[in-house]
Amino acid sequence: MGLKRNVSLGTGLKYQGGGPMLVFVLHRIGGLGMAIFVTIHLLASFMSARGIEGGAFLNSIYENWAFQVFIFFCALFHAINGLRITILDLWPRLIPYQREAIWIEWAVFLPIYAIAVFIIVRAGLGG
Amino acid sequence: MLVTLKIFRYNPEVDKTFHYETYKLEALETDRVLDLLEMVKGHTDGTLSFRRSCAHGVCGSDALRINGRNHLACKTLVRDVGAKITVEPLLGLKVIKDLIVDMQPFFDNYKKVLPWFVNDSPLPADGKERLQSPEQRAIFDETTKCILCAACTTSCPSFWGGEAYLGPAALVTAHRFIFDSRDEAADKRMHVITETDGIARCHTVFNCTMACPREIEITKAIGELKMAMITGKV
């Protein structure tokens, strides 16, 4: 007897892991976002090439500026966070400074992302 | 101060699923969460079940999720977590009753890394100790501090995903023996931790390091194991 061990997504997300847990979750969202983008892109190309109806609609999804803001977040965050993890994995002596590494990551990510969002949104709104 | 203590409750003989019960207690800021649980069990509801033994942060029996994060109840003061406290069992292990979880999968993983000293070589000529320099000892000194409370392993998203993953505690133990200059089973342990459910499933989330009540740099130890795996140098 006893409750099952399964940890639901909601329960896991509620764990108070702080900054490191947040970047872990965002890294997963980033990976998932890129997988969705690639899938839509491949599907749209396939359907357009075969003349199947709906290809243009799929194209319009990832060409939308709002989706581009999302996918740029996914790609950029995943890349920068992946770089942080790779550096820490290759130089374990730096691991005690992991909190500082996360702050540096945000310091690199936020300005680049802010500029990109500005450009995408301005272009999207026809500015 | 008045403390509101919300506790995860589950009695397999009565309940189909868990629920929470809330208790109002008068407590000091310097009281420990374990003291509050003892107050509830001693004065309000004797059926409340939880593990405790030494109550001084040494045995590791009372690892619990307190306000959403793993802590030892005996090392967590009311002033550290505030007047509204939620106490839940560790994640990723089957709940037996209330705050008690089934630790068997955790210890099964622990055993896989051969958590004992292996040295079949003859004793030194003087028949006494196998000596080790302070520098050799310093390499694994930190990982000898593990008390097997499971706070690290049950804070790890990879372990939540499947209990087959060895988990941080077992990897810390592997580190403790692999880098011990007197031990001779490093190859066997490296073989175990480089399996599918071994070290590769560590995604460097750092929950384990933050949950460890002994302040072991667990992710650093796992990082050193990863480097040993890549370079083949111990």
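**Exercise 1.** In what order do the 5 strands of the open sheet in chain B run?

*Solution.* Keep in mind that this is a predicted model.
- Step 1: Reading across the open sheet of chain B gives β2-β1-β5-β3-β4, and the pairing is mixed.
- Step 2: Now look at the ends: β2 (19–26) and β4 (69–72) of chain B are the edge strands, each pairing on one side only.

**Exercise 2.** Work out how β3 and β5 of chain B pair, and find the bridge partner of B:Ile66 in β5(B).

*Solution.* 
- Step 1: Take β3 (residues 63–66) and β5 (residues 84–88) of chain B; they pair in the antiparallel sense over 2 bridges.

**Exercise 3.** Which strands of chain B does helix α1 lie across?

*Solution.* 
- Step 1: Pick out α1, residues 33–44 of chain B.
- Step 2: This helix lies across β1 (2–9), β2, β3 and β5 of chain B.
- Step 3: Against β2(B), α1 runs at about 95°.

**Exercise 4.** Where does the largest nonpolar core lie relative to domain 1 and domain 2 of chain B?

*Solution.* 
- Step 1: The core has 64 residues, and B:Ala150, B:Ala169 and B:Leu171 have the most contacts inside it.
- Step 2: Helix α6 (residues 168–178) of chain B supplies the largest share, 7 residues.
- Step 3: Domain 1 (2–101) and domain 2 (104–231) of chain B both contribute residues, so the core sits between them.
- Step 4: Zoom in on B:Leu171: leaving out residues up to four places away in sequence, B:Leu171 touches B:Leu166, B:Ile193, B:Ile199, B:Ala221, B:Ile222 and B:Leu225.

Notes
Residues numbered from 1 in each chain as written. Chains lettered and ligands numbered in written order. Predicted model: local features only at pLDDT ≥ 70, side-chain atom pairs only at ≥ 80, totals over all residues. Pairing = 2+ DSSP bridges. Helix = DSSP H or I, 4+ residues; strand = E, 2+ residues; numbered from the N terminus. Contact = placed C-beta atoms within 7 Å. Axes fitted to C-alpha atoms, helices over the stretch in contact; angles between N-to-C directions. Core = buried A, V, L, I, M, F, W, Y, C linked by C-beta atoms within 7 Å. Buried ≥ 20, exposed ≤ 12 C-beta atoms within 10 Å, placed from the backbone. Domains from an automatic or database assignment.
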